[in-house]
Amino acid sequence: MSQNKTAVSGSFRDKVRNLSDTNLLLTITIVAFFLMYIGAVLFQGEGFLKPQSFFNILNSQAALIVLACGLTLVMINGSIDISVGGVTALVSMCCAVYLDFHGGNLVVSLLIALGIGLAFGIFQGFLVAYLDIQPFIVTLAGMFFARGMTTIVNTKPFNVAHEGFNELKMTRVKIPGLGSTNRIGVYVDAYVEIGVVVALLIVIALFCVLRWTKLGRSFYAVGGNKQSALMLGINVKRTKFIAHLMCGLLAGIGGYIYFLHVGSGSATHAVGAEMDAIASSIIGGTMLTGGVGNIVGTLFGVMSLGTIQNIVASAGLDEAWWIGITRAAMLCLFLVIQSLVVVRKKKSKG
Amino acid sequence: MIKRYAGLIIMILLISAGAGLMFFGDEAREGSENISDQEALYEDMPQDGKDYIVVGFSQIGAESDWRNASTESFRSVFTTENGYYLLYEDAQQKQENQLKAVRNFILQEVDYIVLDPIVETGWDTVLQEAKDANIPVILVDRQLEADSDLYTCWVGSDFKEEGRLAGKWLEDYLKRQERAKEKIRIVTLQGTPRSSAQLGRTEGFQEVLSSHKNWKMLDCQSGEFTQAKGQEVMEGFLQKYKDIDVVISENDNMTFGAVEAIETAGKTCGPKGDIIIISFDAVRTALQYMQEGRIHADFECNPMLGPFVSNIIRRLEAGEEVEKVEYVKEQYFDSSMNLSRILGERKY
Amino acid sequence: MTMNSVAKKQNNSSILMRIVKNQCFIPLAALFILIIFNLVADPTFFQILLEKNSAGNNVLNGPLITILDNGSELAILAIGMTLVTAASGGQDISVGAAVAIAGSVILRVISGGETYPETLHSPVIVAFLVCVVVAMLFGAFNGILVAFFKIQPMIATLILYTAGRSIAAWINNNELPVINEPSFAYYGTYIPGIPIPTPFFIMVICVVIIALLLKFTNLRLYTEAVGINESSSRLNGLNPAFIKVMSFVILGVCVAVVGLIKVSRFSTINYSVIAKDIEMDAILAVALGGNALSGGKFNMVASIIGAYVIQFLITTLYRFNVQSDALPAYKAVVIIILVVISAPSVKEWFSGLTKKLMKKEVA
Amino acid sequence: MNDNVVLKMRNIHKSFPGVRALQAVDFTLRKGEIHALMGENGAGKSTLIKVLTGVYTKDEGNIFLDGKEKAVAIHSPQDAQNLGISTVYQEITLCPNLSVAENMFIGRTKGIGQNWRKMNADTEKILKSLEIPAKATQQLETCSIAVQQMIAIARAVDMDCKVLILDEPTSSLDEQEVEKLFTLMRNLRAKGVGIIFVTHFLDQVYEVCDRITVMRDGQLVGEYEIKDLPRVQLVSKMLGKELDDMSDIKGEQQAYEREEGAVPVLEAKGLVSDAGIKPFDFHIDKGEVNGFTGLLGSGRSECVRAIFGADRILGGKVKMKGKDVKISKPLDAMKNGIAYLPEDRKVDGIVGDLSVRDNIILAQQVLRGFFRPFSKAEANKIADEYIKLLSIKTASADTPIKSLSGGNQQKVIVARWLFTHPEYLILDEPTRGIDVGTKVDIQKLVLKLASEGMSVTFISSEMDEMLRTCSRLVVMRDRKMVGQLSGDDLNQNKVMSTIAGGENDDE
């Protein structure tokens, strides 16, 4: 590694050019996020200086992180799943009903959640992978079905009064050293809900899967070029199926985390969550064309969305519409960046 | 090259993020010690040394005229001229958003939190946090189920009373029409299930209903306080039941929808029509409908909560005690009144 | 079996084959089944009464009319959606939001910013034209993202989907203007003296226009060519980018029309609810019409029929007092059944089965 | 005998809706031989290959490996790989978004984990041994097509396979690369690998192959030692008829002489596009047939694309019949009576799902403009006319073009451009990947058109075709125009030496 300056810079430029789409977009996202958060701290002051406000974003976005992870998987496969929001609602409603009306126990409720997620994953996966039906339509049906079932299970939104559950809901992982004093000068530790811990674990796990296992790589392969993947001896159908299955499962988990966060069942829960998840994945550098994407990016994508929301809320732009507009603007920005990246690739090729 | 180390790089970034926060955290602690007064916190707050009362208001959304009117009443009262600084957050119909909003208020160290809860339950934790931070919480409009010492007081309408009034009104209206003995078929467009307005109004009307053998409640369905939904549900009713005498619509927006549905179905409503319509909220449009003779009676649910709350805060500032429950004063209107005059005076 | 089916298709001898092969077959079959179902379940479904409505004019009334009424909005959107699908091989999921914007614009122009205008501040036609222009602009925005930035339509339109309703609210800065002028309600309800709901006529007009376009211009050829093979249509002198944008702009016009119907129907607007999930229904209509969602050849008639089938289903379900929230569940079941039976692999399996049967018969 | 047979396919049947692709086909491959599989398009070569590699599942018949008695079952490419059958297809079948190393190893490593370090190291080794100019960690997308093809081959070779199938691997390789490939093949043969080699280039067959199996219309014609089967016979076997058209055409083109002082139909000065070609001058006369020749990637297609305005034009002047014209996009060119049959039929030529009719009228329709569509009747008339004229084999004018055979698709595209009645017709690789019969038809057509006064530019990677049809050759090297040959210079050696750049004139 002993080269003179020019050589180094040359090799660096070389590196940047050979930087794969995935990593390039990832870098962009992360940088963007930090700039945004620092900006928030500088301009919004106090609120954002408190770590807790950061953790609050995490707490409220934990479920979305998991959902977005699932979407990233299917999107890397060049597929899509817009049913996750519905599944989330269905899961929380079913669990709520089970816990509240039938006073069931937590483990079972968790199993219910996973079961529902898995069921959706398997069914949609089968239709998409083995009957190759348009994933959009299939999961659209999935979304409709989940939303509908939610109201069929129980129309009225209600909160769960189940000791065990509420204990779990209140459980907080204290983060020493990051706390802050509240306005009467009492020092309170910063905390995250267990949902966050689970979500982060999932992120790490999936990161490893995508990077260091054959399954993960075959996700990328299938997304990159279905036909080639087949010729390269990858079982495309099964890979797609697994991706959808995992997405469904994650939707189940995400649903439970969401349920844990809001502690209530309602048909209007997680409305539009699927779109938020897709948006996060895109901001995180996943391309719907498939073959390009990264879980860590997705994590940052979700956080970016959350941060934007907080900035808007505390920037005195109190009208609700600003959130929608800013998010869209952000999404637009990232999409344009992506298409520019694609162009760059075309150039370097020609 | 880069690809291989990407994972590593990312981990480093994550750690650095944590570290950064650690740093901010420490700074924050010092910060909050030496920043005594509120001025520094909100950069767009006038820096004229006056000690403003910072109020965080978490509103449900902007789904109806009534809601907007109430939001407006807060905006108009909690101004810097009046010595307030208002942080307003619209929850867009989601409890999670409200929880988030309230938590932010706590972090931003406001003096008072005003909350219009979307649903009745699931507030204990956050209210406790507010209590710990010694921030008084004033609930408005809708009620919630929580240990009453977690919040300072509740300000709003007595929905049950409204329901009861409606029932009574129907009772003597029918008397006047010599239909007191007839069989009366009633349908109800309910509000968002479990919302206190829905519960109160239904319950209140139920009381009167139960005292009349000849009144029959055909069906209750939720129109979710929205016009589109109201119309949908009403269409359903009309296709299901050939003969409907009375429609109780638990807010005006649903009523508009219902009227629409009734009229497109070729039936008529209002004093001259064949269906009696009783509505709640009494927003301007509703009164205009009444003028046009499309609605019989409308029971006000006063949205001008801002002034009441302001008044309460003043009293609290002055160290006075306040009631746990403070009803706003309300009235009702029906087609017999001089509506044009009323419309003239009313602000919403 | 398949061989001679091909043969038959070629010399158009077998009526049956032609019917089954026809793209309108599936939607029509679905419609047929629904009709039978209703006939059995409750014949009153089909009775149409002439009744007086509040405005004091005679109007037809009954489930079928409701279908005609509400289905028209969907049909109009289906027209635009079909073109977009054909040209870009993707779908526009922002139409619902766009409708909100369109409606909001109309109200803004008419109410002139007041919440309770006593009079119309400008004639409806002006408001409508303004709204058409705005809707076309938003369509162009989507189109440009898709055509020039090469973003998949679903994602590109996700932007407007996210921002749309916010923008709509912003246009009237969150007021909900109410227009009490009766003449404004004509477009969404009834014109005095005409017993059939106006939206139906509007739909007819739209259909006629698009039919003329398809007949007397190359709209179809160009759109399909671009949808099937972009680079080769470019080498044949076409401008794919422009054609894609055009398809989105046309959809924009449809959106504007629907926006007018919607706000005129309620004579006010609710940003978060108006035209909710209509995009999904519109896409569904296209799919139901047997059009490939991956673009290419399209069949407008089939899409329009598809739209009415969906409305038919919805109305039917309401008749069996299904909770409006539970509706999607049933819709979903229908979708799944449809896509599964029309899935190529399943079809193959069927034909294989029939082939076996034929063999058996021979043997 | 049986012991050195590595692959035996017996009585293979396969049919698709409406077509019998394979009927009772037998095929035998011995250890350590290079076996050419020949046949026109639609003869069933690729179907046979796809059956063997598990892309299709056969309806009937058995496949035996290593002379074992027990038939093997192949249901997926995976199975084929595991059985030691590896394949390189004509179109690149690698994943552009993955690294070179991953493309080398994905789908064939054991275990669930992925060891990057080892994988990259191994890849580097292989790349070096085959002298492939690529880095293991490079994203495949960033490699040139040829390199990608080489990588695909490298992957196939690296899997220690008993049977290696090369399905038209050379179509995207240039001379040197082809040579490299051939040496590679010979080495493998020495190692005892059985190689199935599918190609349209006869001379390549005669260069490397030991035996030939010929197929026609989904049936086996026969299996021959290479030495017992001279070219002409091979061709006639492939076509199923004795044919000497080849020799006929010879000489026809001599009919054309350039009359002095005639204004060229098209004249380009310093034309340059963003496709990376050096500025070039070019002119063509009325009724002239000329050609661009040069190794693949030498920029011959780029030149004609520039003339047609298919790529973005960066500079240069174009004159049509003496007056300046501006050609910035295909439509301009078309308006000026230029027609361009693109190199890649599937990607740039056909509009797959549209009917033959629409494909024929498309270009002319665009010229007529948005508001003047042909009536159905007109369109049908035109379509039928051209279907007859070019004897296009199609069920009807309504059949989607994608269901036609390659050759007929090409004819439809030709028809499309003839219908625009161009003064100047550019044919870029019109004979690539189509059967000999159609090749001859097209060459004849070209000469006919020229004799009727149309100017034609003809590009083909098969030298003798060019020599047969063109009266003037423009030679390209490294994206630069390096010479023009006509008259007596039009002979194999001269052209070769010009292409090669003078190193080997003494041939």
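In chain D of this predicted model, the C-alpha centres of domain 1 and domain 2 lie 33 Å apart. The domain assignment puts domain 1 of chain D at 2–246, while domain 2 of chain D is pieced together from 247–254, 261–337 and 423–507. Domain 3 of chain D covers 345–421. As for secondary structure, chain D comes to 18 helices and 19 strands. Its C-alpha trace spans about 70 × 50 × 50 Å along the principal axes. A compact globule of 507 residues would have a radius of gyration near 23 Å, and the 24 Å of chain D agrees with that.

Chain C has another make-up, with 16 helices and two strands. The radius of gyration of chain C is 22 Å, close to the 21 Å that the globule rule gives for 363 residues, so chain C is as compact as a globular protein of that length. Taken along the principal axes, the C-alpha atoms of chain C fill a box of roughly 80 × 55 × 35 Å.

Next up is where chains A and D meet. Here 28 residues of chain A are in contact with 24 residues of chain D. On the chain A side, helix 10 (214–224), helix 11 (226–231) and helix 15 (321–349) each supply at least two residues. Helix 10 of chain A gives the most, with seven residues. By class, the side of chain A that touches chain D has 10 nonpolar, 13 polar and five charged residues.

Now for some helix packing.

| Helix pair | Angle | Axis distance |
|---|---|---|
| Helix 5 (84–101) and helix 12 (236–262) of chain A | about 55 degrees | 8 Å |
| Helix 5 and helix 13 (273–283) of chain A | roughly 130 degrees | within 6 Å |
| Helix 8 (252–264) and helix 9 (284–291) of chain B | about 40 degrees | 9 Å |

Start with helix 5 and helix 12 of chain A, which pack at about 55 degrees and are therefore oblique to each other. Their crossing is right-handed. Helix 5 of chain A brings A:Val84, A:Val87, A:Thr88, A:Val91, A:Ser92, A:Cys95 and A:Ala96 to the contact. From helix 12 of chain A come A:Ala251, A:Gly252, A:Gly254, A:Gly255, A:Tyr256, A:Tyr258 and A:Phe259. Sorted by class, this contact has nine nonpolar and five polar residues, and no charged ones.

Helix 5 of chain A also meets helix 13 of chain A, where the axes cross at roughly 130 degrees. That angle makes helix 5 of chain A oblique to helix 13 of chain A. A:Val84, A:Gly85 and A:Thr88 of helix 5 make the contact with A:Ala273, A:Glu274 and A:Ala277 of helix 13. These residues divide into three nonpolar, two polar and one charged.

Over in chain B, helix 8 and helix 9 pack at about 40 degrees, which makes this pair oblique. The crossing of helix 8 and helix 9 of chain B is left-handed. On helix 8 of chain B the contact uses B:Asp252, B:Thr255, B:Phe256 and B:Val259, and on helix 9 of chain B it uses B:Thr285, B:Ala286 and B:Tyr289. The class count for helix 8 with helix 9 of chain B is four nonpolar, two polar and one charged.

Definitions and conventions: Residues numbered from 1 in each chain as written. Chains lettered and ligands numbered in written order. Predicted model: local features only at pLDDT ≥ 70, side-chain atom pairs only at ≥ 80, totals over all residues. Axes fitted to C-alpha atoms, helices over the stretch in contact; angles between N-to-C directions. Helix = DSSP H or I, 4+ residues; strand = E, 2+ residues; numbered from the N terminus. Parallel < 35°, antiparallel > 145°, perpendicular 65-115°, else oblique. Left-handed = near helix turned anticlockwise from the far one by under 90°. Contact = placed C-beta atoms within 7 Å. Nonpolar A, V, L, I, M, F, W, Y, C, P; charged D, E, K, R; others polar. Domains from an automatic or database assignment. Rg over C-alpha atoms; globule rule 2.2 N^0.38 Å.
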